[in-house]
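Good morning, colleagues. Please have the display in view as I speak.

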Amino acid sequence: MSGMGFALVAVPALVLLIGPAHGVALSNCASGVISAVGLLDTWRRVRLAAMAPLVLAAACTVPAGAWALAHVPEAVLLTGMGLLVTAAVTVIGSGVRVPALRGRGGALTAGAASGFMNASAGVGGPAVSLYAVNAEWSVAEFVPNAQFYGLVVNALSLGAKGVPHLATPVWVLACGGMAVGTLAGRVLAERVPERWARLTILLLALAGGLTTLGKGVWGL
């Protein structure tokens with residue numbers, strides 16, 4: 001509906017439903033599939049030279065994120081995930097600009113942060129979005145490159161952690177939910193102004209982030 005927000009909305013709910021490890025891994029799977037489908041029509045507009053620093057930096061930090069997901073206590077993970085999602089929503093919603101996130105150094109910083117966040121909490125997109133805003137990319141430039149990055153970083157995250165071992169009904173529900181959400185989003189996108197669509201997504205993500213944060217703090 002808005003071109004953003006899948007992981008921000010999905011991760012808190014999945015984490016609360018099936019636990020941090022499985023929830024994040026399932027989100028990585030779904031995000032990778034969504035990125036791959038999007039690339040079917042946009043792959044010719046991917047700027048490989050511009051994406052190389054982001055991808056290389058992410059590849060270096062994905063293992064650390066996977067280690068954190070596997071070894072940090074669940075209450076601490078939930079607290080951290082809640083904080084990350086809430087902070088990401090706040091940053092995106094405020095439209096803040098960070099001069100340090102420009103040029104090659106900015107790409108390396110954003111990629112490193114995104115790789116760790118994607119593997120540990122399933123929310124690697126905000127760091128890349130923040131880099132794109134500061135690099136003054138247009139929407140037409142951002143979308144195909146974000147899809148390419150999403151496919152690669154989620155593949156790296158799953159390579160470091162493995163595909164989640166879930167019961168067949170869970171996979172069926174996840175795939176069915178994605179299909180229904182995609183169809184509903186396409187219908188609503190024609191009727192809901194982009195500004196209101198983005199606001200709805202951010203509010204849903206904020207609610208999920210705060211709920212996850214609350215559960216994590218309660219368990220500390």
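Let me begin with a term: contact means heavy atoms within 4.5 Å. On that basis, among contacts in the protein chain between residues at least 6 apart in sequence, 86% join residues at least 24 apart.

Two remarks on the source are in order. This is a predicted model, in which local features need pLDDT of at least 70 and side-chain atom pairs count only at pLDDT 80 or more, while totals for chains, interfaces and linings use all residues. Residues are numbered from 1 along each chain as its sequence is written, and side-chain values use heavy atoms, with hydrogens and water left out.

I turn to the overall fold. The protein chain contains nine helices and zero strands, where helices (H or I, at least four residues) and strands (E, at least two) are DSSP runs, numbered from the N terminus. Its C-alpha atoms fill a box of roughly 40 × 40 × 30 Å along the principal axes. The radius of gyration, taken over C-alpha atoms, is compared with a globule rule of 2.2 Å times the number of residues to the power 0.38. For 220 residues, a compact globule would have a value near 17 Å, and the 16 Å of the protein chain agrees with this.

Next, burial. Buried means under 20% relative accessible area, exposed over 50%, and partly exposed in between, with a 1.4 Å probe and protein chains only. Of the 220 residues in the protein chain, 42% are buried.

How many aromatic pairs does a search of the whole structure find? The search finds one. Rings of Phe, Tyr and Trp (its six-membered ring) pair if their centres lie within 6.5 Å; planes under 30 degrees apart count as stacked, over 60 as edge-to-face and the rest as tilted. The rings of Tyr131 and Trp137 have centres 5.8 Å apart and planes at 80°, so this pair is edge-to-face. Tyr131 counts as buried because its relative accessibility is 8%, and Trp137 counts as buried at 16%.

Finally, helix H9, which spans residues 194–219 and includes Thr212. Is Thr212 buried or exposed? With 2% relative accessibility, Thr212 counts as buried. Beyond its neighbours within four places in sequence, Thr212 is in contact with Pro12, Val15, Leu16, Leu78, Met81 and Gly82. Val217 also lies in helix H9, and Val217 is partly exposed, at 45% relative accessible area. The C-alpha atoms of Val217 and Thr200, 17 residues apart along the chain, are separated by 26 Å.
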